[in-house]
Amino acid sequence: MEDDPQRRKYNRLINKASQIEVDLPEVAYELYRQAEEIFPLDEGLAQHVARLKGTKSSPNILTSHTSTSISATMNDTSHSEGEDDTQHHSTTDQNSDAELTASRGITTETDAESSDPVEVLQFLQQVMGFLEEMPFEDVEELITRKNYQIISYLLERTIDAADPHVVSLTAKSFNRMGQILPDVWPVLIDRNLVDWLIRWCGVYIKSENQLDVLGDVLLLLSMMCYQQGLLNMKNKEKLEDFVFISSLVRFALDQSEYEESEVGDVSVYALFTISSQFTTYTEDPIVSGLYANQTAASLGSHFIKIINRNTLPIPFLICGLGLLQKLLDYSTYKNTDSFFFLNDVHVLIDVILREAINLEPGHVLRTYYLETLFSVLNNHEYVRGRYKLDEIKELLVHISDNEYDQKSTDMAFKILVDCKVVG
């Protein structure tokens with residue numbers, strides 16, 4: 001019957017296998033085999049399996065990885081993390097697990113100690129293909145199986161990888177896993193992703209020839225920081241490393257000189273999102289790192305330029321506005337020179353005025369723009385010139401008197417009452 005779940009799964013496997021049979025015969029072989037397990041009496045299917053059987057030994061996410069047994073690695077990792085299943089599996093349980101492993105491209109007939117970089121790279125390419133092409137339930141099963149041990153495998157095999165392509169594909173794989181399954185982010189954190197990221201950021205910031213790889217690593221770092229929420233104290237302390245922060249600030253500063261630098265933009269996203277892990281300017285290592293660099297003030301205009309782009313993802317924009325607030329508050333309450341040049345402050349006010357009035361009622365960003373305006377108006381760099389003060393007052397009165405959303409209305413009223421320059 002067409003409504004039979006087994007029949008639907010069988011049809012899906014057959015359709016997918018037939019689509020990729022020419023380009024990825026080894027993948028098709030395993031998909032046909034999975035279908036055969038559902039309906040073993042299908043003679044036509046048996047012929048497909050027999051015809052493609054010779055491709056079984058090719059390195060593939062769905063067949064084998066000749067240097068590394070992911071299954072063995074997963075079992076080892078599981079035991080070391082306190083799982084207590086190794087000693088208690090019966091022979092039948094082990095065989096069943098091996099069959100499930102093989103059905104997802106994880107073989108137990110390989111050497112778990114070897115980690116040939118070429119074969120690791122081939123494996124990663126197949127992982128990416130699997131993540132991009134396979135149905136959600138199959139991808140979810142691969143990622144979550146045996147307590148997410150494919151994550152442990154990839155981290156262990158790439159922490160000392162000499163090939164930049166391996167690092168790049170690993171970062172892309174983790175990023176894609178997180179997009180597909182948000183529960184992956186806390187698992188990545190628990191498996192020491194922060195150590196992995198800081199290591200490779202340090203390596204590739206120093207390299208002038210691998211900027212694409214650095215971009216992949218920095219994007220993963222940015223995604224992790226805003227997807228995960230606040231990290232625990234241990235991981236936040238790792239992000240506070242002075243050498244790491246200083247090198248990231250210097251790199252972003254160098255890249256800001258280029259009109260179009262994708263990796264430069266991603267380095268700014270990383271600054272934005274790392275900053276979002278720290279609630280006040282007093283504890284934020286990005287604020288300290290920017291103020292410690294005597295030439296970093298030119299980044300202020302670059303930050304505002306990026307925030308002014310319509311293409312900036314909302315989570316990164318929120319993190320960026322938060323960093324601007326802390327940079328402004330630092331100079332306000334420490335009574336030091338402002339991080340921003342006066343012209344930069346004027347541009348920021350223009351952006352806030354435009355966005356606060358143009359956003360749809362109830363839009364989440366309006367409150368963040370108003371919070372940033374509060375920091376601007378309290379800053380001594382603004383008070384000296386009072387740029388567009390009448391327009392600002394008009395905007396605040398308009399928002400406080402109209403039904404936008406409660407948070408925006410409350411914030412507008414707070415600015416009108418608490419900012420001396422407005423009163």
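1. Let's start with the open space: the largest pocket has a volume of about 380 Å³. A pocket here is an open set of points on a 1 Å grid over the protein atoms alone, where a 1.4 Å probe fits and protein lies on both sides within 12 Å along at least five of seven lines. The volume is the space filled by probe spheres set on the points, which are joined across faces, edges and corners. Before you go on, note that this is a predicted model: local features need pLDDT of at least 70, side-chain atom pairs count only at pLDDT 80 or more, and totals for chains, interfaces and linings use all residues. Residues are numbered from 1 along each chain as its sequence is written, and side-chain values use heavy atoms, with hydrogens and water left out.

2. Who lines this pocket? The lining has 16 residues (each with an atom within 4 Å of a point), and T279, G322, Q325, K326 and E371 lie nearest the centre. Helix 17 (314-334) and helix 19 (364-378) are the elements that give two or more residues, and helix 17 gives the most, with eight. Helices are DSSP runs of H or I with at least four residues, numbered from the N terminus. By type, the lining divides into seven nonpolar, six polar and three charged residues. Asp, Glu, Lys and Arg count as charged; Ala, Val, Leu, Ile, Met, Phe, Trp, Tyr, Cys and Pro as nonpolar; the others, Gly among them, as polar.

3. Look at K326 again: its side chain meets that of D284 in a salt bridge, 2.8 Å from N to O. (That term needs a side-chain nitrogen of Lys or Arg within 4 Å of a carboxyl oxygen of Asp or Glu.) D284 is in the loop between helix 14 and helix 15 and K326 is in helix 17, so the pair ties together parts 42 residues apart in sequence. Both are buried, where buried means under 20% relative accessible area, exposed over 50% and partly exposed in between, with a 1.4 Å probe and protein chains only.

4. The count comes to ten salt bridges. Another one joins R176 and E132, with the closest N and O atoms 3.5 Å apart. This pair links helix 8 (residues 164-180) with helix 6 (residues 117-133), 44 residues apart. R384 and E381 also meet, at 3.0 Å from N to O; R384 is exposed at 61%, whereas E381 is buried at 12%.

5. Now the rings: there are eleven aromatic pairs. Rings of Phe, Tyr and Trp (its six-membered ring) pair if their centres lie within 6.5 Å, and planes under 30 degrees apart count as stacked, over 60 as edge-to-face and the rest as tilted. Y281 and Y333 are stacked, because their centres are 6.5 Å apart and their planes at 5°. Y281 sits in the loop between helix 14 (262-275) and helix 15 (285-292) and Y333 in helix 17, so parts 52 residues apart in sequence are tied together. F339 and F340 are edge-to-face, 5.3 Å centre to centre with 85° between the planes. Y281, Y291, Y330, Y333, F339 and F340 form one aromatic cluster.

6. One last stop, for the backbone: R386 has a phi near 55°, a positive value in a residue other than glycine. K388 has a positive phi too, of about 50°. R386 is in the loop between helix 20 (380-383) and helix 21 (389-401), and K388 is found in the loop between helix 20 and helix 21.
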